[in-house]
Amino acid sequence: QVQLVESGGGLVQPGGSLRLSCAASGNIFSIAIMGWYRQAPGKERELVAYIGSGVSTNYAESVKGRFTISRDNAQNTVYLQMNSLKPEDTAVYYCNAKGVTTESYRNLERWGQGTLVTVSS
């Protein structure tokens, strides 16, 4: 049973910073891609950033230069450092893992339960 558990959301003032974490558990051998998506009220879920098992990363244009994604492969954990936050960054942030290989399965995809980030003064 592969599970993703996020933490680190909360309320922050514009210009502030938050760091999100997502830990994957469940007898995992490897995870090809880990990433973050977000869904604002009344909008569709969108990609924020993803990172491969090496160092390759990709960011949405709206967060480039402000957000940094990183991962700890040994701990199956992905992080999202969010700086210079804006009110439009307010959303539920979801962790995603693609290409998950376990003892019994290959190429699984899993989502976290989501963590709310609110940017407001």
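Two strands are taken to pair if DSSP finds at least two bridges between them, and strands (E, at least two residues) are themselves DSSP runs, numbered from the N terminus. By this criterion, E3 and E8 pair in the antiparallel sense over six bridges. The model is a predicted one, in which local features need pLDDT of at least 70 and side-chain atom pairs count only at pLDDT 80 or more, while totals for chains, interfaces and linings use all residues. Residues are numbered from 1 along each chain as its sequence is written, and side-chain values use heavy atoms, with hydrogens and water left out.

Four strands form an open antiparallel sheet in the order E1-E3-E8-E7. Strand E1 (3–7) and E7 stand at the edges with a single partner strand each, so one side of each is left without a neighbour in the sheet. From one strand to the next, the twist averages 15 degrees (axes are lines fitted to C-alpha atoms, and angles run from 0 to 180 degrees between N-to-C directions).

E7 and E8 form a hairpin with four residues between them, and Asn76 in the turn has a positive phi of about 50 degrees. Ser70 has Tyr79 of E8 as its bridge partner.

Leu20 counts as buried because its relative accessibility is 0%. Contact means heavy atoms within 4.5 Å; leaving aside neighbours within four places in sequence, Leu20 is in contact with residues including Trp36, Leu80, Met82 and Tyr93. Ser21, also placed in strand E3, is buried at a relative accessible area of 19%. Its contacts, not counting residues up to four places away in sequence, are Val5, Glu6, Ser7, Trp36, Val78 and Tyr79.

A nonpolar core is a set of buried Ala, Val, Leu, Ile, Met, Phe, Trp, Tyr and Cys residues joined through side-chain atoms within 4.5 Å. The largest has 32 residues, of which Trp36, Leu80, Met82 and Tyr93 touch the most other members. Several strands each supply at least two residues of this core, among them E3 (18–25), E4 (28–39) and E9 (91–102). E9 gives the most, with five residues.

Turning to charged pairs, a search of the whole structure finds five salt bridges, each a side-chain nitrogen of Lys or Arg within 4 Å of a carboxyl oxygen of Asp or Glu. Arg38 and Glu46 form one, with the closest N and O atoms 2.7 Å apart; Arg38 is buried at 5% relative accessibility, whereas Glu46 is partly exposed at 38%. In the salt bridge of Glu61 with Lys64, the closest N and O atoms are 2.8 Å apart. Glu61 counts as exposed at 63% relative accessibility, and Lys64 as partly exposed at 43%.

Methods
Buried means under 20% relative accessible area, exposed over 50%, partly exposed in between (1.4 Å probe, protein chains only).
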